[in-house]
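Hi,

Here is the structure I promised to pass on to you. Have a look at it first, and then read on for what turned up in it.

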Amino acid sequence: MLLTSVILILQETLEAALLFSILAVITLQVGGRPRNWLPWGLLAGGLLAWVYALNLRRISEWFDYVGQEVVNAALQLGIAFAIVLLAVWLGRRAAKKETAPAPGRRVFGFLCAATVALAITREGSEILVFLGGFLAAQNSVQALLTGSGIGFGIGVSVGFLLFYGLLALADNTRTPGRVLPLVLLALFGGNMFAQAAVQLMQADWLAAGPALWDSSAWLSEQSVTGRLLYALIGYESNPSATHVTAYLAGALAVPAAFYAGRRSRR
Amino acid sequence: MMKTTSRRNRTVSRLAAASLASVLLAGPVFAATPVIEIEIRDHLFFPAEVQVPADTKVKLLVRNLDPTPEEFESYELNREKVISGNSQAVIFIGPLPPGTYPFFGEFNPKTAQGLVRVE
């Protein structure tokens with residue numbers, strides 16, 4: 001139970017930490033303050049995750065027992081959509097070459113908070129169901145809590161490393177470092193879009209196809225590197241054509257939205 | 001009055017058409033999707049190995065008889081789903097090429113291990 005909870009909590013924390021880091025670095029790049037949106041995102045996400053976890057049984061029964069997939073897909077599509085809107089905002093700001101006025105910043109902050117809230121809802125509800133279910137069982141409470149604490153601790157530490165690493169690279173005057181946060185945001189958006197497609201295939205709302213390739217022998221999803229890459233960029237060793245298409249579409253939508261936003265301002 | 005009646009008639013005929021259509025459509029669809037039942041008891045899958053026809057979409061009906069939740073997960077099948085204690089879940093898999101596809105319970109990975117054999 002100890003190792004199980006370490007791995008489980010670490011995975012969910014890592015994915016959330018990556019998103020926070022990317023958004024926080026982008027916020028600093030545009031002269032904003034992450035503390036203006038992060039607490040609201042965490043609070044709203046925590047509340048929604050709690051409501052979702054409490055009602056999971058009922059939600060799972062929706063749509064002939066695929067309610068969970070539909071809700072998860074909706075949350076992931078919401079994240080991908082918010083990321084595209086953020087890219088439009090960043091494009092518009094890049095065109096102006098000056099600091100954004102206060103109302104524009106509020107839109108930016110709202111989009112960041114919404115992205116964080118939706119991510120926490122999905123990841124957090126899974127943690128809450130796990131903890132809630134096994135704390136009630138009362139046979140391994142200590143191992144459960146210790147493991148969760150360790151997993152959370154490692155996840156947060158890696159999150160800070162990511163944040164400061166990314167910030168150092170983004171502070172660089174050279175272009176590759178500066179656009180890295182936006183590239184990572186695009187990959188995150190692509191991953192969310194692809195995950196939503198997988199959920200809909202699991203629910204049989206979207207036709208499932210054969211795997212396009214199988215790289216599990218080369219890099220297993222169960223290996224540490226595989227898990228890390230899954231959390232960071234959505235690595236999948238045997239994706240279907242729909243999965244890959246959704247990933248590319250979601251990822252390419254971000255630069256497309258950025259340039260559309262920049263052109264609209266010229 | 002006339003209006004109400006004709007509207008009601010239209011509703012009835014629409015309902016009839018809809019139910020006829022659903023029977024016609026749903027019949028073959030349900031027949032074509034085999035249902036495979038798996039139970040979770042004491043953090044174990046029963047049966048631990050299920051056979052599935054190749055290139056066919058299959059509906060897994062997983063009943064969790066434990067009071068604790070479980071997460072059905074498979075890297076090979078690209079599936080993951082949380083199943084609350086004392087509840088059931090539906091997971092669609094396939095169409096798949098022949099092979100073996102392990103799955104496990106992420107909340108109890110030491111004991112909850114299973115395999116989908118596609119033939």
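In this predicted model, helix α6 (residues 141-170) of chain A and helix α7 of chain A cross at roughly 135 degrees, and their axes come within 7 Å. An angle over 145 degrees would count as roughly antiparallel, so α6(A) and α7(A) are oblique to each other. On the α6(A) side the contact is made by A:Leu166, A:Leu169 and A:Ala170, while α7(A) brings in A:Gly177, A:Arg178, A:Leu180 and A:Pro181. Sorted by class, the residues of this contact are five nonpolar, one polar and one charged.

Helix α7 (residues 175-202) of chain A also packs against helix α1 (residues 2-29) of chain A, at an angle of about 140 degrees and with the axes 9 Å apart. That angle makes α1(A) oblique to α7(A). The crossing of these two helices is left-handed. From α1(A) come A:Leu19, A:Ile22, A:Val25, A:Ile26 and A:Gln29, and they meet A:Pro181, A:Leu182, A:Leu184, A:Leu185 and A:Phe188 of α7(A). Here the division is nine nonpolar residues, one polar and no charged.

How far can you trust chain A? Its mean pLDDT is 92, and 96% of its residues reach 70 or more. Within chain A, helix α2 (residues 38-54) has the highest confidence, with a mean of 97, and helix α8 (residues 224-233) has the lowest, with a mean of 87.

Now to the strands of chain B. Strand β1 (residues 35-41) and strand β4 (residues 58-64) of chain B are paired in the parallel sense, over six bridges. One pair to pick out in your viewer is B:Ile40 with its bridge partner B:Asn64 in β4(B). Strand β4(B) is also joined to β7(B), this time antiparallel and by seven bridges. In that pairing, B:Leu60 stands opposite B:Ile91 of β7(B).

Chain B also has an open sheet of five strands, with mixed pairing and the order β3-β9-β8-β5-β6. Which strands form its edges? They are β3 (49-52) and β6 of chain B, each of which pairs on one side only. On average, neighbouring strands of this sheet are turned by 20 degrees against each other, direction ignored. At the β6(B) end, strand β5 (residues 70-74) of chain B runs antiparallel to β6(B), and five bridges join the two. B:Glu71 is found opposite B:Val82 of β6(B).

Finally, the two chains together. How many residues of chain B are in contact with chain A? There are 23 of them, and they touch 25 residues of chain A. On the chain B side, the elements that give two or more residues are β6 (79-83) and β7 (87-93). The largest share, six residues, comes from β7(B). By class, this side of chain B has twelve nonpolar, seven polar and four charged residues.

Best wishes

Key. Residues are numbered from 1 along each chain as its sequence is written. Chains are lettered from A and ligands numbered from 1 in the order in which they are written. This is a predicted model: local features need pLDDT of at least 70, side-chain atom pairs count only at pLDDT 80 or more; totals for chains, interfaces and linings use all residues. Two residues are in contact if their C-beta atoms, placed from the backbone, lie within 7 Å. Helices (H or I, at least four residues) and strands (E, at least two) are DSSP runs, numbered from the N terminus. Ala, Val, Leu, Ile, Met, Phe, Trp, Tyr, Cys and Pro count as nonpolar, Asp, Glu, Lys and Arg as charged, and the others, Gly among them, as polar. Axes are lines fitted to C-alpha atoms, for helices over the stretch in contact, and angles run from 0 to 180 degrees between N-to-C directions. Angles under 35 degrees count as roughly parallel, over 145 as roughly antiparallel, 65 to 115 as roughly perpendicular and the rest as oblique. A crossing is left-handed if the near helix is turned anticlockwise from the far one by less than a right angle, and right-handed if clockwise. Two strands pair if DSSP finds at least two bridges between them. pLDDT is the predictor's confidence in each residue, from 0 to 100.
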